[in-house]
Amino acid sequence: MSNSYRGSAVVRWVNDRLPIFTFLDHQMRDYPAPRNLNYWWNYGSLALVALVLQIVTGIFLAMHYIGDARFAFDSVEHIMRNVNYGWLLRYLHSNGAALFFLVVYVHIFRGLYYGSYKSPREILWWIGIVIVLAMMATAFMGYVLPWGQMSFWAATVITNLFSAIPLLGQEIVAWLWGGFAVGGPTLTRFYALHYLLPFVIFGLVFLHLWALRTVKSNNPLGIDVRGPQDTVPFHPYYTSKDYFGMGLFLLVLAGFVFYAPNYMGHPDNYIPANPMVTPTHIVPEWYFLPFYAILRAIPDKLGGVIAMAASLLVLFVLPWLDTSRVRSARFRPIYKVIFWFLLADVVLLGYVGSQPAEGIWIHIGRALTAYYFFHFLILTPVVGKIERPRPLPQSIAAVVLKGGKA
Amino acid sequence: MKRIVLAAVAALTLGAPAALASGEGDLAAQSWSFDGIFGQYDRHAMQRGFQVYKEVCAACHALKYVAFRNLADLGFNEEEIKAIAAEYQIADGPDEAGDMFTRPGRPSDQFPAPFANDQAARASNNGALPPNLSLITKARAHGPDYVYALLTGYRDPPADVVLGEGMNYSLAMPGNQIAMPPPLTEGQVTFADGTPATVEQMSRDVVQFLAWSAEPTLEERKNAGIKSMLFLALMTGLLYVSKRRIWSKLH
Ligand code: HEM
């Protein structure tokens, strides 16, 4: 088997001893992917690119960063001013984190639109949600590291949420802090965890891909692959497409890094952390704003925390909440509409999250939060029952070869 | 394309509010030489701005992280930098006898802070703390416009406004009260290049200097940006062509 591998003598020599080329061939060239995947299918590989970028820039930052509350802020400024290309590393890392979330959010909404969470992809979907949760923890702790005002106060607000847990709340919070307030020990442990979690995410991505290899990619038609005429080898077809997508992603990232590096940041984080001065508005990074809005929509602290957690946890049961057996929204006239409403709801929630929790915003935030859960808990099951899906095509090939939109 | 639009939409809807969160007063957008894709610092303005900082602001405000040697960015040569550094007394030590001492500054030293600690700074400033200025243009929303508006925005308080003790009325400061007395008056410094030292001129120039001190790598960044963007655009174009060619065999 392995010694029949084509390629140069060196390649064959290596392959006979460690069949890495056979392995890659098997994974890429022999892996059949639906031939009709559109550009929304690029976001998975983009997420991987973003993760690798975070890890690489993160490791170089870690060589200069000091995880001690007395020196953290200064060490970041040292990176920005004195380390060769330190500014590039840091701006790549901070903007890269934001775009990582953007990519993953698009990836999730792609899944929602094309019904990628449905059987047999439930576990694949679950692992994805666990990845988002781990990303959130990672990014939150990363944001604390520069130890600016927003770092400090975001850490204070978010860790305080745990105090809402009945009975053990205060204990848990003190345990998280490593003291009686957010302080030096908090920063140092967050640094340790911020270094660790991305590698956990990497492991989760491996599981995610393993599950994917088992159940195979969904596609814009949402129908199963029937045979070889419906597929193309992943390499070179989707590798070439993913590389192109990566080029666009890097262009957008470079646009931010080189021309608007602090656009997505908050000016207060260039003020060193100061426990005595509370910023007028404590706002999280934009990628947390929808969840922040849900948190604040509920007047009760524990209730808010539960709602915020539920907003993500509801995705775990989505495969069973959706009663329709048709995957793709393309054939689901009503679901298609409520999908766009959900997207609008989440974007608006993000806007509300950026506004002070007062006056009209409270009411809007509540209405949007209610709609969010209404979508998943009521609309999704009901629509699946009452909707009459459009007829599904015979096969992927039938649609593609007819030159139809696939 | 979709991706770009998405990124822009996300950034606009979600990033903008953060930027609008602080700074209420009168924030007219100024045009700065360092704005835009090709924007660079203005060396003459920076040198004048440095003079304003040195002769006025440095009495109260630190310029942390900035070393004398960094002044090369402003166009000063090595000799000039040595001479500037030597004007300062830097605390050093201990010496062989175990005593601390002061010595004239060297290019590798950072600008010394005017006060030994925050308490001393407050004690001399009516209880208010003059912040470090080397990050100020990044630590405020629309920083350069804001600092300019702050320096030029002192007014007599309207009749219905009661100022706190030792406070001044400001159009730019959130809450319209600031503990810093108006730092600039017409003709306060004498510019070597003969530029008239109006309050507006000095303010503009010191903002140039402070913007540089907050982001000394801006020029390096924008230069690298052009090269990187061109490279990435070319690469992406080629990747697109190769993708098209690979897929064309299918249809
Ligand atoms: C899932 C991947 C990751 C995400 C989403 C992420 C996110 C973040 C964020 C949002 C910040 C704050 C940036 C700022 O405002 O300055 C940060 C800082 C930091 N991260 Fe990460 N990070 C990731 C992976 C890593 C890894 C693997 C390492 C180390 C090996 C690392 C090391 C650091 C360091 C040292 C800082 C502090 C320096 C700074 O603030 O720029 N990160 N991270």
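Student: Are His93(A) and His194(A) buried or exposed?

Tutor: Keep in mind that this is a predicted model. The cut-off for buried is under 20% relative accessible area. Here, His93(A) and His194(A) are both buried.

Student: Which atom do these two residues coordinate?

Tutor: Look for donor atoms around the metal. The iron atom of the ligand is coordinated by NE2 of His93(A) and NE2 of His194(A), at 1.9 to 2.0 Å.

Student: What is the geometry of the site of the iron atom?

Tutor: Count the donors, then check the angles. There are six donor atoms, with angles of 88 to 179 degrees among them. The site is octahedral.

Student: Where in chain A do the two histidines lie?

Tutor: His93(A) sits in helix 5, residues 86-114, and His194(A) in helix 9, residues 184-215, so the pair ties together parts of chain A that are 101 residues apart in sequence.

Student: Which residues come nearest to the ligand?

Tutor: The ligand has 25 residues around it. Those that come nearest are Arg90(A), His93(A), Gly142(A), His194(A) and Tyr195(A).

Student: Which helix gives the most to the shell around the ligand?

Tutor: Helix 3 of chain A does, with seven residues. At least two residues each come from helix 3 (43-62), helix 5, helix 6 (122-144) and helix 9 of chain A.

Student: How many residues of the shell are nonpolar, polar and charged?

Tutor: Sort them by type. The shell has 17 nonpolar residues, seven polar and one charged.

Student: How many disulfides are there over all chains?

Tutor: Check the distances between cysteine sulfurs. A search of the whole structure finds zero disulfides. Take Cys57(B): its nearest cysteine sulfur belongs to Cys60(B), 8.7 Å away.

Student: How accessible are Cys57(B) and Cys60(B)?

Tutor: Read the relative accessible area of each. Cys57(B) is buried, at 14%. Cys60(B) is partly exposed, at 29%.

Terms used. Residues numbered from 1 in each chain as written. Chains lettered and ligands numbered in written order. Predicted model: local features only at pLDDT ≥ 70, side-chain atom pairs only at ≥ 80, totals over all residues. Heavy atoms only, no water. Donors = N, O, S within 2.8 Å, 3.2 Å for Na, K, Ca; no water. Tetrahedral: all angles 85-135°; square planar, octahedral: opposite > 155°, others 65-115°. Helix = DSSP H or I, 4+ residues; strand = E, 2+ residues; numbered from the N terminus. Buried < 20%, exposed > 50% of the residue type's maximum accessible area, 1.4 Å probe, protein only. Near = heavy atom within 4 Å. Nonpolar A, V, L, I, M, F, W, Y, C, P; charged D, E, K, R; others polar. Disulfide = S-S within 2.5 Å.
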